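Take a walk through this structure with the sequence beside you.

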Amino acid sequence: MAVSPTNRRTTLTLPASTLDTAKRLASKRKVHVSVVVNEALEEGLRQKLALERAENFVQRMSQAFAALTEDELLLVNGIHLTEKKVRRGR
Amino acid sequence: MNGPFVFDTSAESWLSREQAGRRWLLQYASRHLVYVSAVTVMERLTGFGMAIAQAPPDRVGLLTVMRDAYDQNPNRVLPVHQGVAWAAAELMLLLPMPPSPAINSHRRMESRSTRVARWRFDIIIAATALVWGMPLVHENARDFESIREATARHADRFRGLGELALVRCSSVV
């Protein structure tokens with residue numbers, strides 16, 4: 001993977017076994033090890049971003065619903081109740 | 001876990017309030033959007049508005065924060081477009097009246113007209129799931145089972161949409 005306006009060269013410290021696996025996969029596919037490391041990194045980051053989005057979503061929804069009283073919950077679930085009219089005796 | 005799903009109004013809040021539901025939602029939402037019908041957003045915002053209007057002054061601020069926290073990301077809100085309107089109309093013709101009675105407690109009750117309106121909203125939500133080809137997550141078996149049965153029994157009226165698929169939210173957690 002060449003350095004270009006959208007690519008940057010950097011130095012990473014990786015476990016030897018991780019680098020060995022990346023090199024083996026790169027050799028098998030006849031691509032540079034950077035390609036394999038980049039693909040793995042992109043996939044890992046995509047999953048982490050998805051989890052971060054999911055955590056934000058659940059936090060917001062919990063904030064929206066957790067502290068509602070039972071009566072308020074009925075309302076936000078679209079259930080609208082009215083007080084019964086009390087019949088007075090003669 | 002299969003998905004994506006459409007979530008009924010009460011299923012979305014049920015899952016958000018239960019600890020096990022939130023755990024499941026976290027896993028689900030990391031893979032898919034939590035789709036809802038535009039009708040759910042309408043029911044939700046109307047309900048929050050009524051709750052705020054009826055609340056004592058010292059609770060208004062908190063309820064407003066809760067309403068604003070409700071996620072209205074437009075990517076997850078499915079519109080009521082022509083196809084949904086058409087499927088909902090077929091369902092309303094097949095099932096004009098709600099299969100379960102109005103809510104009636106010793107002190108308060110749901111009026112007949114309010115019950116019918118809520119039933120029609122449920123039909124639109126079910127039609128949304130049907131047209132978008134996603135199972136509907138719900139916590140209201142009696143009403144949505146009737147809709148599922150109608151789509152199965154009258155498949156010819158739903159031109160290739162198939163049968164409404166249902167997932168009870170208490171069964172996923």
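**A walk through two chains**

In chain B, β1(B) and strand β5 (residues 136–138) pair in the parallel sense over two bridges. Strands pair here if DSSP finds at least two bridges between them. Helices (H or I, at least four residues) and strands (E, at least two) are DSSP runs, numbered from the N terminus. This is a predicted model: local features need pLDDT of at least 70, side-chain atom pairs count only at pLDDT 80 or more, and totals for chains, interfaces and linings use all residues. Residues are numbered from 1 along each chain as its sequence is written, while chains are lettered from A and ligands numbered from 1 in the order in which they are written.

Stay with this pair of strands. B:F7 stands opposite B:V137 in β5(B). The two strands belong to an open sheet of three strands, in the order β1-β5-β6 (chain B), with parallel pairing. Its edge strands are β1 and β6 (166–168) of chain B, and each pairs on one side only. Strands of a sheet pair through backbone hydrogen bonds, either parallel or antiparallel.

Now step back to the segment before β1 (6–7) of chain B, where B:P4 is found. The peptide bond from B:G3 to B:P4 is cis, with omega near 5°.

A residue is buried if 20 or more other C-beta atoms lie within 10 Å of its own, exposed if 12 or fewer, and partly exposed in between; the C-beta atoms are placed from the backbone. Among the buried residues of α1(B) are B:T9, B:E12 and B:W14.

Next comes the core. What is a nonpolar core? The term means a set of buried Ala, Val, Leu, Ile, Met, Phe, Trp, Tyr and Cys residues joined through C-beta atoms within 7 Å. The largest one has 49 residues, and B:V6, B:A126 and B:A127 have the most contacts inside it. Helix α6 (residues 112–132) of chain B gives the most to this core, with nine residues.

Look at B:A127 itself. Leaving aside residues up to four places away in sequence, B:A127 touches B:V84, B:A87, B:A88 and B:L91. Two residues are in contact if their C-beta atoms, placed from the backbone, lie within 7 Å.

Follow that list to B:L91, which lies in helix α5 (residues 82–94) of chain B. Why is B:L91 called buried? Because B:L91 has 25 other C-beta atoms within 10 Å. Again not counting residues up to four places away in sequence, B:L91 touches B:I123, B:A126, B:A127, B:I147 and B:A150. B:D156 is 65 residues from B:L91 along the chain, and their C-alpha atoms are separated by 12 Å.

Turn to chain A. It has three helices and one strand. Along the sequence they follow the pattern α-α-α-β. The C-alpha trace of chain A spans about 95 × 30 × 25 Å along its principal axes. Chain A has a radius of gyration of 28 Å, whereas a compact globule of 90 residues would have one near 12 Å. That radius is taken over C-alpha atoms, and the globule rule is 2.2 Å times the number of residues to the power 0.38. Of the 90 residues of chain A, 14% count as buried.

How many of the 14 residues of α1(A) are buried? The count is zero, and the helix is hardly covered. At 1.5 Å a residue, the 14 residues of helix α1 (residues 16–29) of chain A should span 20 Å, and its end C-alpha atoms are 20 Å apart, which agrees. The expected span is 1.5 Å times one less than the number of residues in the helix.

Just after α1(A) comes A:K30. This residue is found in the loop between α1 and α2 (33–65) of chain A. A:K30 has a positive phi of about 60° although it is not a glycine. With 6 C-beta neighbours inside 10 Å, A:K30 counts as exposed.

Finally, see where the chains meet. The contact takes 31 residues from chain B and 27 residues from chain A. On the side of chain B that touches chain A, the largest share, six residues, comes from α3(B). The residues of that side divide into 14 nonpolar, eight polar and nine charged. Here Ala, Val, Leu, Ile, Met, Phe, Trp, Tyr, Cys and Pro count as nonpolar, Asp, Glu, Lys and Arg as charged, and the others, Gly among them, as polar. In β4(B), B:M109 is the bridge partner of A:T82.
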